[in-house]
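Hi everyone, thanks for making the time this morning. Please have the model open while I talk, and stop me whenever you like.

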Amino acid sequence: MESVRIRKQIIPLLLLSLLIFFGSISSAYAATYYVAGDTGSDSYTSTQAQDTATPWLTIQKAADTMVAGDTVNVKGGLVYAANNNCESARAVICLTRSGEVNNDIQYQPWSGTGSPVIDGAGSTKGFSFTSNSSCISHISINGFVIKNSTYAIELGGAGNIVSNNIVYDQERGDSSFTLGIYSHTYYCAPDISIYNNTIYNKYLGVHIDGGDAIIKNNILYGNVDGIGVNSSNINNVTIDYNDAFNSVSANYSTALLPRGGHDLELDPQFENISTFDFHLKSTSPLVDAGTAIPIASSDNEGNTRPRGNAYDIGAYESSFSQSPPPNASAHLPSYVGTLTLLSTYTGESAGDQFSISGSMQIGDVDEDGYEDILIGGRYHSYGGVYIFKGKTNLNDMNAGSADIILRDTTTTTALGGYNLLGDINGDNHLDILAGNYRYRAGLPGDHTGNIFFFETGPSFSSRNTAQSSGMVVGPINVNARFGIYGSILGDINHDGFNDYIFGSAIDNKAYFFWGERDLSNKSVTQANVVITNDIGNYSITFAKGSGDINGDGQNDLVLICSYCNTYRRAIYIIYGKSDIMSKNLSQADAIITGVSNTSIGYGGTTIADFNRDGFADILTGCNTGACIFSGGSGFSTRTTASADERITLADPDFSYLSNATALWSTNINNDEYPDIVISNSAPKIFILLGAPQFSDRTIASSDLVFYGTQMYGQSLGDGFAAGDVNKDGYAELLVNGFTYNNDFQGRAYLLGVPHGTPQMHFTTTGYARGDGVLGTITDTVAIGGVDVSYDGGMWRACVLVSGKFSCPISSLAEGSHATRVRSYTSLGIYMPTAQYVSTTFVLDTIKPTIKITKLGLINDIPDRTNLSYYFTSQTPYIQGEATTGSVVHFKFEGQTYSATANGAGAFGITLASPKLPRNKVKLTYYAQDAAGNKSETRTLNLIIGTENFPATGASEQGTSPTTGDVALLPIVPATTKYSVESMGGIPLPGAEVTIDGQLFVADELGKVFVEKMSEQPVNITVKNGGETLAGKILGNKIVVGAISTTPTVQQGKVSRDNRNLIYKGGLVLILVGGTGAGLYFLKKRKYLNTS
């Protein structure tokens, strides 16, 4: 029974093994064939063709033979033309067989032979399918040159890859419908990947007729159309990191399909287009501009990618490399950075109109340090306001799971249709002002409208309107729909509270309320100021934001009438003041109107100080663009014709889109300039970063962009909010899409800006000199630059080279300076304020001074840069003056002697270890302060004397009138010869005599030569035999008191520790005592060791 059980277990295992074997047999026995158009023969067998010595002649022979997993290596440097083997020259290569998933049939160059050239001779396709093989799949075509073909590469079917090919026509026929790479949908839905090809002079460069496609890293140059897509048949298409340039019709003809954020429209700068040399020049903007694609990890010539910092765009990988340019938009005029979708917030059910324009705000409601998201869903049941708390790890959420929900308690309401967030009661907590334009205050069906107040704080939680802090009720029984527009304006009347204004959809008035501590119920009849539209019975809306336009210190009112000025709209500015009174629109202080059929205010109006000149500016839509009207003390009535700056809103992909869905302003990149946010119905979001000089621009030169898809709906971005929801120091942009799901369920999208993780460090510590404040920086993304601010002043640019920065200090005064530095990426995104790096340094650019005042016993040393002296001692004691605290350095032959100048600016230094030679000595010396500043380097030339010193015939020379330097001959000081003796009159050879700090060593006769002293020395010591005693000058002797006299003789010399000798001319005395006996030949002055 045991054997039966074993057999029952073995049989399934055998079956499984057979299945695995036969299922993988095609890949296990994949063949590699060779084709050589000069030496090959199609008569060779398939086995022979796997040997480089017996290749086939035509690529077609391989195409008719290969099965899944096979590869053909085609000999390069040869031209392959059409032949009758492919349906009477339908194409040079007819693709008749498909590969399988993970087992492509591969066409590629024979390594080391160059690129094969496929020549269609103007009438034939390159690679194509036959009439019986239109759904050819899993084919890889890599590394060919295909010229003068009708269709260079024509494919249908799934899993096809086309990479590293060069496709061109020597002469383009604009009417002869020739294609570079074509993915067709004749009989099947194709799926193709197109990487790193270069296509020139075709009618259509790349054309996708349907299905799925990935198109990356390709160059399309000089074609009629660059990249074209038949949007009606498309499923999923990715188009990114390509460069299309100099097209006759359109570089990108991609209908409504979104593209990635990295496509270019720049001159690729080929080496020589006239000779079809498509290598990139070193200055090409396509160098390092591609994205990594593992399947295209080598180029048309077999070079490994990348060779620089990143993949190049096109078929050739250059050996050049370039770091990101300082202004990325100069290289990428279309969409230099792409916002990232971080999380979504979706309405509870269909029809909610969740996130409709005006319903979104961001602020720290619960005061936990994270900013929270507030979104209205006005048509869910009785309406609602949903609060999603900020957190580090964001995730998609449904409104029904919001952290806090505010509900209305009555029927037929629309709570949350318009919401504001700000502190209007002065308690330092945010207040929610939630509009409900359907609020009933009178008869059934009445839409009076109101706003509810909710006071927030750390304990704020879900509640209904019955628990609100109060409300303002709109005009009774006129269906005004009060609360549908509003704005918080700041403290207009200077009473310490922020003021707010609300209007109605069907009413010609705007109601202005002072902020106050009490938020109890009130009605519009209690408004502090009422603005009435006396120009027509039209509603009044409000600009987003607030500011002081005329510079009088008061925030101003900016009101929009959509139907005034013969329906061209008009903007009315009423200057704020503490005693502002109710008035009519016709009494506005300034008006901005459209002219010549040009409307104004389309897409919204926003107030911000865009140029940071202290005056608030007005951004508003003006027909096919946006206009900026700069504030100023003389601001007065204007028209669209006199706008200070303009933004052209024509979409670079869809020329018929020339208006903004919405305009808004916020600070998205962490600098001090407001940025402009623009949306259109593509749907796309464009961001133009603010700058000191905001000149005319187009959205084609946007700095950041977000591409929606059709699922977002054309309502994407008609409302915005911004704040740091995940507490990473960078603002996130909340974008609405209230028509989401095509049923108005609504969804909001939280978008993040592209940023890195900068790390900065100062290398300048303590002191800074003329080379500036120095430091290093690293980041995970390309660095755009570094700024510095001194003492809280304006930011200025530093110089950045290879991760090291140097910040200028030329305009700073000497002394201490508080310093902050910050970095920004190549996309213009600044590091968070909390990450700024700070230090305090002392600016010291003043060079220290130095001069020698005394050399040994020589006084009155001239203040010159070059001194020369005879000197008697090998250990000069040098005294001088230098800047207080500086370190004085004397240098000789690699040796440095140093001392520090004291508080009085004096220094003294003995050049003793090692001592100087008795020879010509050239010393250099200078002072260096704590900041590293160096004085001029000076020279001290010494001739160290011998026992015959001083020499004769040397005298001081004249001085240069310009430098004051001493001439070459040294100064010969007057000297005196002294005999160094004990109290008993015994000479002390080798004794060390120090006179006022200067050391002299007695010669073998006990003599020293001392520079003549101009005054009586203060201190004389004599060191002999380890003892140091005081000495004094008696005539021409230096006498030392009370030294013992026992001599010691060692190694041929007598130690004069104990000297008690009587010198007699010519006598030879033998003295016994101490440690040995010495024989002295006094006249010859030799000491013989007799021990």
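Let me start with a question: by class, what does the lining of the second largest cavity have in the way of nonpolar, polar and charged residues? Keep in mind that this is a predicted model. The answer is eight nonpolar residues, one polar and one charged. If you want to find them on your screens, the lining consists of Leu489, Ile501, Phe542, Ala543, Gly545, Asp556, Leu557, Val558, Leu559 and Ile607. The space inside comes to about 40 Å³, and the whole structure has five cavities of 30 Å³ or more.

Now to the packing. The largest nonpolar core contains 46 residues, and Tyr107 and Phe127 have the most contacts inside it. Take Phe127: leaving aside residues up to four places away in sequence, it touches Ile93, Leu95, Tyr107, Ile118, Ile141, Phe144, Ile146, Ala152, Ile153 and Glu154. There is also a second, separate core of 42 residues, with Leu716, Phe720, Leu827 and Tyr836 among them.

On to charges. Side chains of opposite charge can pair when their charged atoms come close.

In one of them, Asp38 meets Lys75 with 3.0 Å from N to O. This pair links distant parts of the chain, 37 residues apart: Asp38 sits in the loop between strand 1 and helix 3, and Lys75 in the loop between strand 2 and strand 3. Asp38 counts as partly exposed because its relative accessibility is 42%, and Lys75 is partly exposed too, at 22%.

Next, Glu516 and Lys522 form a salt bridge with their closest N and O atoms 2.3 Å apart.

My last pair is Arg822 and Asp787, at 3.4 Å from N to O. Arg822 belongs to strand 66 and Asp787 to strand 62, and the two are 35 residues apart. Both are buried, Arg822 with a relative accessible area of 2% and Asp787 with 7%. Through shared partners, salt bridges join Glu672, Asp787 and Arg822 into one network.

That's my tour, and I'm happy to take questions.

Terms used. Residues are numbered from 1 along each chain as its sequence is written. This is a predicted model: local features need pLDDT of at least 70, side-chain atom pairs count only at pLDDT 80 or more; totals for chains, interfaces and linings use all residues. Side-chain values use heavy atoms; hydrogens and water are left out. On a 1 Å grid over the protein atoms alone, a cavity is a set of points where a 1.4 Å probe fits but cannot get out, and a pocket is an open set with protein on both sides within 12 Å along at least five of seven lines; lining residues have an atom within 4 Å of a point. Grid points are joined across faces, edges and corners, and a volume is the space filled by probe spheres set on the points. Ala, Val, Leu, Ile, Met, Phe, Trp, Tyr, Cys and Pro count as nonpolar, Asp, Glu, Lys and Arg as charged, and the others, Gly among them, as polar. A nonpolar core is a set of buried Ala, Val, Leu, Ile, Met, Phe, Trp, Tyr and Cys residues joined through side-chain atoms within 4.5 Å. Buried means under 20% relative accessible area, exposed over 50%, partly exposed in between (1.4 Å probe, protein chains only). Contact means heavy atoms within 4.5 Å. A salt bridge is a side-chain nitrogen of Lys or Arg within 4 Å of a carboxyl oxygen of Asp or Glu. Helices (H or I, at least four residues) and strands (E, at least two) are DSSP runs, numbered from the N terminus.
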